[in-house]
Amino acid sequence: MKALFLRILRQLKNDPRTLALMFVAPFLIMSLIYLLLGDSDYRPVIAVGEMPEAFTEQLRVDADVVSIADLAQTDRYLMADSADAVIWQEEYELHIRTLENNSKSAAAIQAVQEAMSELLPAGKISISTIYGDMENTYFSSMAYVFLAVLAFFFTFIVSGMALVRERFTNTLERLLMTPIRRWQVVGGYVCGYGAVAVLQVILIMLFTVYVLKVPVEGSIILCLIVMVFLAVCAVELGSLISIFANGEFQVAQFIPVIIIPQIFFTGIIPLDTICRVSGDRLHFCVR
């Protein structure tokens, strides 16, 4: 088993594509997610119609404010990307119109809320959470979800396809003709790819915490232990799936069945919102 373990490590060392898939792709994707969901210094542009001067001055603290004379041109103004939001007042109602619901419109609405809270201190709302901080970015709250998904996904793909390739090149058959036992073959492959997977999750975990500056509320050692167990499970699951696959392409076909359902249970979607069927009625579990 030791000889098989060392052979797998030497084989991976001479396979740059597999090494890139294990050690380059996760870092690249996490960095892209950070750039998309991380904090930015974007300053929204807000067009103001008939609004009090005090509100407009307060709004300039968090946004660039421009005036719009004809409110009938609001939609055309937004479609031309001249502003992220247009606000105006009719009697006692404040109207905010945006082009679509995106990060730019969210920044504009947040600037309006900040201006309103400064003008009306009694109406200011303080929001706090048990875990994390409201000032953290969306990436900070979801980073560990993406971290687990990426580590599990790439490890599953590499281990599953590698074992299928070994089987179809008759490597496993030649090994079984030697005095080595079946459990030693399985143990050698699991230990070989498991060692690489463990190294992968440790590096990507340290990269996420110390380079991307994702906060850790608890112990980072416990996070690393959980990620190591996740990597080992991904290797074993990839080995199991390789038994039912007749080719490397069929391993990829198992992704919608194995990987995609697990993504929905990682915390991206709260379990309380999942609907259930009882008899002939559909119940939505929303609290």
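Which residue in β3 is the bridge partner of I46? It's A85. Keep in mind that what you're looking at is a predicted model.

**Around strand β1**

Let's start with β1, which covers residues 45-48 and runs parallel to β2, residues 64-67. Look for I46 again on that side: in β2, its bridge partner is V65. To get from β1 to β2, the chain goes through helix α4, residues 53-59, and this β-α-β crossover is right-handed. Strand β3, residues 85-90, also runs parallel to β1. Here's how the two pairings look side by side:

**Helix α9**

Now jump to α9, which spans residues 182-211. How far apart should its ends be? With 30 residues at 1.5 Å a residue, the helix should span 44 Å, and its end C-alpha atoms are 43 Å apart, so the two values agree. Just after α9 comes K213, which takes a positive phi of about 60 degrees.

**The whole chain**

Zooming out, you'll find 12 helices and six strands in the protein chain. Of its 287 residues, 36% are buried. The accessible surface comes to about 18100 Å², and carbon and sulfur atoms make up 62% of that. What about contacts along the chain? Among those with a separation of 6 or more, 65% are between residues 24 or more positions apart.

Terms used:
Residues numbered from 1 in each chain as written. Predicted model: local features only at pLDDT ≥ 70, side-chain atom pairs only at ≥ 80, totals over all residues. Heavy atoms only, no water. Pairing = 2+ DSSP bridges. Helix = DSSP H or I, 4+ residues; strand = E, 2+ residues; numbered from the N terminus. Right-handed = clockwise from strand over helix to strand, strands pointing away. Expected span 1.5 Å × (residues − 1). Buried < 20%, exposed > 50% of the residue type's maximum accessible area, 1.4 Å probe, protein only. Contact = heavy atoms within 4.5 Å. Areas by Shrake-Rupley, 256 points an atom, 1.4 Å probe, with all protein chains shown as cover.
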